[in-house]
Amino acid sequence: MTRILPKNKLDDCIAAWQKAGFSVLAPVQRHGMSSFGEVQKASEMALDLILTERTIKDHFFPQTEPLIKYKISKHDIDSETMTPPERKRIFFGVRPCDASGLEIDDPLFGWDYKDDYWFRRRENSVIVSIACSEADDFCMCTSVKLSPDSTRGADVMLRPLSGGNGWQVEAISERGTALCDTVSSLLQEETAQAAPLPRVDGKFDVEKVMEWLADKENFESRFWKDISMRCIGCGSCTFLCPTCHCFDIQDEGDTYQGIRRKNWDSCSFALFTMHTSGHNPRNAQSTRWRQRIMHKFNYYQGKFGVNSCSGCGRCTRQCPVDMGITETLQAITNLPR
Amino acid sequence: MIYTPFPMRVVSKREEAPGVRTLKLEFVRQEDHEFFKANYRTGMFGLYGLFGEGESTFCVASPETRKDAIECTFRQSGRVTSMLSGVDAGDLVTFRGPYGNCFPIEQFYGKNLLFIAGGIALPPTRSVIWSCLDRREKFGRVTIVYGARTVADLVYKHELDDWKKRDDVNLVLTVDPGGETPDWTDHVGFVPTVLEQAAPSPDNTIAVLCGPPIMIKFTLISLQKLGFDQENVYTTLENRMKCGVGKCGRCNVGSVYICKEGPVFTAAEVSRMPEGDL
């Protein structure tokens, strides 16, 4: 016997959660792009998508985030620190790769100086993951030691039933248990088989990759020039990545008032590291691509004990020149040694 | 909140060299000042800014032995530094920090000190120099080698005069060939060359080296020739920064975040970093 959430009870669930003070966000297809958005009814959810084009990162580390509002007068400056709204949110139908992405970024936003903007949202959010029933050629979770039903970063794990009319429910965290309690009357105890997981073939050998990257000799390898030749430095892969966290801080306004904002930035851009003097430590696209790979599969591992990749494959799926991390890591795996 | 700066009142502004100025800043709020006093150690840096313009990263040029105000020295070069150049006494600016690691000055006790600075890199060095000179009895011989492109480009000229007069400090001043004036009586030559001529002994000596990358590169070679162990040579690195606290992801050299693990490193640590990322 397992606990089941029948699909036809989803509207009741949403209503119960809203009554408990939560906003419910789920995959939606809006404005020509799939992403996570607030929903009122189950029919608004696009739960059949393999993966939304945009990640749930957008809702924890928004593309642009107001930090400080300021007003400048002749003798004084008024400034007010802006804080993200204290809003309890449920993210329903998160894919395991996206849920892992949040957990991967936690230590970065928390080491030493705590980024309140990130953690206030994290603490007020419940992640309800749904295991994948389909995968495409770009999915690579198994290559980074995750799986289509990984519970990493999830508070509740739902596994689709074979018939397709509901989900097995497993509470993973205390927060998840509390969430299940709010809808316990809607859950049923049943014997029902979960649908088989999709096959996600290994795309590269992450151990071999990490070993090659760790070898200092390879930092100056001409491999980096060859592999990044067609990168146009557009930054799409970083913006669509569930773990990329780099940002810029910019003031936006007129002479007398404005808002200081934290905006997404990308290691793909030349300006990212350009000194005022004109010196740029990463002055070629190849050095910037190297930084991206090194950061994800070497530096981050060294600092936080985890690779900064959850295998969603968006970087490759949506790359305008069909490049992405997968190809590079495959090539590294296959390099003669 | 993490990215919210302290308001600071400009106490004074001093012209150092063409395009180079020093601002002396006082904390507006007592609690901010207490925080600074409790946390600041020489070598740390801050983000100085103006609302509407942004923030720029430079060192705290005042020593840890003088925490009543913050001094910062910068060259007018970009948007923020241009606007900071235009402020006057009484104006408000912002400061975030102190961030980063520091010079382990207690470990220098009982040793001779050799300071080497080039151009606008005297301010970070000067912070260490005064942190030591204010506790002069704890150290052995103190040598300062300072060079700039031209006589006009030397910064902290009034303090150079002070150091010159002191008999417990050996000041070696130099300007690049062609940068001397008719009344210039000190050295003419590049810092590494002048350093090798001065030939300070590496015995029981700590070297602190700050300057533009090219100067650091050649001075490290000279220090090696003079017999200095890389573990006894300290330097500071800089990179573009936005957050200052290890999150915005741009200031790393290899795996090392300059903002958190630096900006102070030994030459040995720098030598282990990938050169292609510097």
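Predicted model: local features only at pLDDT ≥ 70, side-chain atom pairs only at ≥ 80, totals over all residues.
Reader: Okay. Which residues of helix 5 of chain B are buried?

Author: To call a residue buried, you count neighbours: 20 or more other C-beta atoms within 10 Å of its own. In helix 5 of chain B, residues 191-198, that picks out Val191(B), Pro192(B), Val194(B) and Leu195(B). They sit on the same side of the helix, because they cover an arc of only 165° around the axis.

Reader: And what do those buried residues pack against?

Author: Four strands and a helix of chain B: strand 7 (112-118), strand 8 (142-148), strand 9 (170-175), strand 10 (187-188) and helix 6 (213-225).

Reader: Let's hop to chain A. Into which domains is it divided?

Author: Domain 1 covers 2-190 and domain 2 covers 206-334 of chain A. Taken over C-alpha atoms, their centres are 25 Å apart. For the contact itself, look at who takes part: 32 residues from domain 1 of chain A and 27 residues from domain 2 of chain A.

Reader: On the domain 1 side, which element gives the largest share?

Author: Strand 4 of chain A, with nine residues. Strand 4 (64-72) and helix 2 (96-110) of chain A each supply at least two residues of that side.

Reader: How many residues of that side are nonpolar, polar and charged?

Author: On the side of domain 1 of chain A that touches domain 2 of chain A, 17 are nonpolar, six polar and nine charged.

Terms used
Residues numbered from 1 in each chain as written. Chains lettered and ligands numbered in written order. Buried ≥ 20, exposed ≤ 12 C-beta atoms within 10 Å, placed from the backbone. Arc of directions from axis to C-beta. Contact = placed C-beta atoms within 7 Å. Domains from an automatic or database assignment. Nonpolar A, V, L, I, M, F, W, Y, C, P; charged D, E, K, R; others polar.
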